[in-house]
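Open the model in your viewer and keep the selection panel at hand. The tour moves from stop to stop, with a selection at each.

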Amino acid sequence: MEMTIRPRRLRNGAVLRKMVRETRMDKSSLIYPMFVREGSGIREEISTMPGQFRYSVDQMPYKLEELTKAGVDKVMFFGIPDHKDACGSGAYAQDGIVQKAFCKAKEEFPHLYLIGDVCMCEYTSHGHCGILQGEYVDNDRTLEYLAKIALSQVQAGADMVAPSDMMDGRIGAIRRILDDNGYVETPIMSYAVKYASAFYGPFRDAAGSAPSFGDRKAYQMDYHNSREAVKEALLDVEEGADIIMVKPALSYLDVITRVRELVDLPVAAYGVSGEYAMIKAAASLGYVDEDAMICETAASVYRAGADIFLTYYAEKIARFMDEGRIG
Ligand code: PBG
């Protein structure tokens, strides 16, 4: 058989396959999202996200210890307050839940890199990501609150803030307040391209943040669009974002690729709660091999162009990297 080009030549044996691998990933790019709640002695499993827990601040160190052992050194905190109100005041309270978590984590785990999700939906009585004017989320009034939230998180010990609200102009507003207060070196990871997605369902159960009426389509993006992703990403670059995030990940791999090609900043992708829950549910029924799915989906996100991956599977992925299964 006359054939000079044989693609299979480079697939013979694990050593060769690994040498010619096109996508390389590293534990340093993993961020673990974690839920912290009020109370003490609490480590409560999230029913829609088996294997994920809500931790009271005193229980949080056990998880941070585990992450450290696995080599995951970046954590993003979501706070679950006891009390909610119309303007989400718990989100910027000095003794707010997430502020307490930052203080403790910074003190006991100084080597960890701590990131704050900046949003209001876990803290507002109506569950929307901003201040309401009737049933409309008032963009410009919300900016003042988001800026306050970001500042309070940084003052409490956050190394980076990540606004996820999707209001126009929030990166600029947050950059200004941080700079005015001397935090010129604190980076902003913008959830620049965030779609209105059914994949957030389990998260909203976990955080009790489902909107009490309507949906988030007047601020999060329509999933039919990808040119709009470019517009959002470029705007945030102009406003001073340091990292651009695309969210969710799996149904938006094309968007990750597009943003990666157009933007010079690091690109992050968030494998959200519904992506985690889908794999968990299918695996628990014996329909798929969980570990193999974790590896393949993670590699797909990096292959699409992500530099950074936020995932509830961070610890497992780190272990698989150590074992040489992926990476
Ligand atoms: C807050 C926020 C959400 C997520 C991250 N930040 C929920 C939402 O927008 O409704 C979703 C994360 C996940 O599903 O894992 N706005």
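**Charges over rings**

Start with lysine 148 and tyrosine 92: the charged end of the lysine sits over the tyrosine ring, 4.3 Å from its centre. A charge sits over a ring here if NZ of Lys or CZ of Arg is within 6 Å of the ring centre and within 35 degrees of the ring normal. Next select arginine 43 and phenylalanine 53. The charged end of arginine 43 sits over that phenylalanine ring, 3.8 Å from its centre.

Before going on, note that this is a predicted model, in which local features need pLDDT of at least 70, side-chain atom pairs count only at pLDDT 80 or more, and totals for chains, interfaces and linings use all residues. Residues are numbered from 1 along each chain as its sequence is written, and side-chain values use heavy atoms, with hydrogens and water left out.

**Aromatic pairs**

The structure holds 13 aromatic pairs. Rings of Phe, Tyr and Trp (its six-membered ring) pair if their centres lie within 6.5 Å; planes under 30 degrees apart count as stacked, over 60 as edge-to-face and the rest as tilted.

Select phenylalanine 78 and phenylalanine 203. Their ring centres are 4.9 Å apart and their planes are at 75°, so this pair is edge-to-face. Phenylalanine 78 lies in strand β4 and phenylalanine 203 in helix α6 (residues 201–207), so the pair ties together parts 125 residues apart in sequence. Helices (H or I, at least four residues) and strands (E, at least two) are DSSP runs, numbered from the N terminus. Phenylalanine 78 is buried at 3% relative accessible area, and phenylalanine 203 is buried at 11%. Buried means under 20% relative accessible area, exposed over 50%, partly exposed in between (1.4 Å probe, protein chains only).

Move to tyrosine 195 and tyrosine 252. Here the ring centres are 4.3 Å apart and the planes are at 20°, so the pair is stacked. Tyrosine 195 lies in the loop between β9 (189–194) and α6, tyrosine 252 in the loop between β10 (243–247) and α8 (253–262), so the pair ties together parts 57 residues apart in sequence. Both tyrosine 195 and tyrosine 252 are buried.

Now show one aromatic cluster: Phe35, Phe78, Tyr191, Phe203, Tyr270, Tyr276, Tyr312 and Tyr313.

**Helices**

Select α3, residues 97–108. Its buried residues are Ile97, Val98, Gln99, Ala101, Phe102 and Ala105. Among the elements covering them are β1 (30–37), α2 (60–70), β4 (74–80), β5 (113–118) and α4 (139–156); contact means heavy atoms within 4.5 Å.

Then take α10 (residues 290–304) and α11 (residues 314–322). Their axes come within 10 Å and cross at roughly 90°. That makes α10 roughly perpendicular to α11. Glu290, Asp291, Ile294, Cys295 and Ala298 of α10 meet Lys316, Ile317 and Phe320 of α11. Axes are lines fitted to C-alpha atoms, for helices over the stretch in contact, with angles from 0 to 180 degrees between N-to-C directions. Under 35 degrees counts as roughly parallel, over 145 as roughly antiparallel, 65 to 115 as roughly perpendicular and the rest as oblique.

**Backbone stops**

Most residues other than glycine have a negative phi, and most peptide bonds are trans. Select lysine 247 and proline 248: the peptide bond between them is cis, with omega near -10°. Proline 248 is in the loop between β10 and α8.

Finish at methionine 166, in the loop between β8 (160–163) and α5 (170–180). Methionine 166 has a positive phi of about 70° although it is not a glycine. At 4% relative accessibility, methionine 166 counts as buried.
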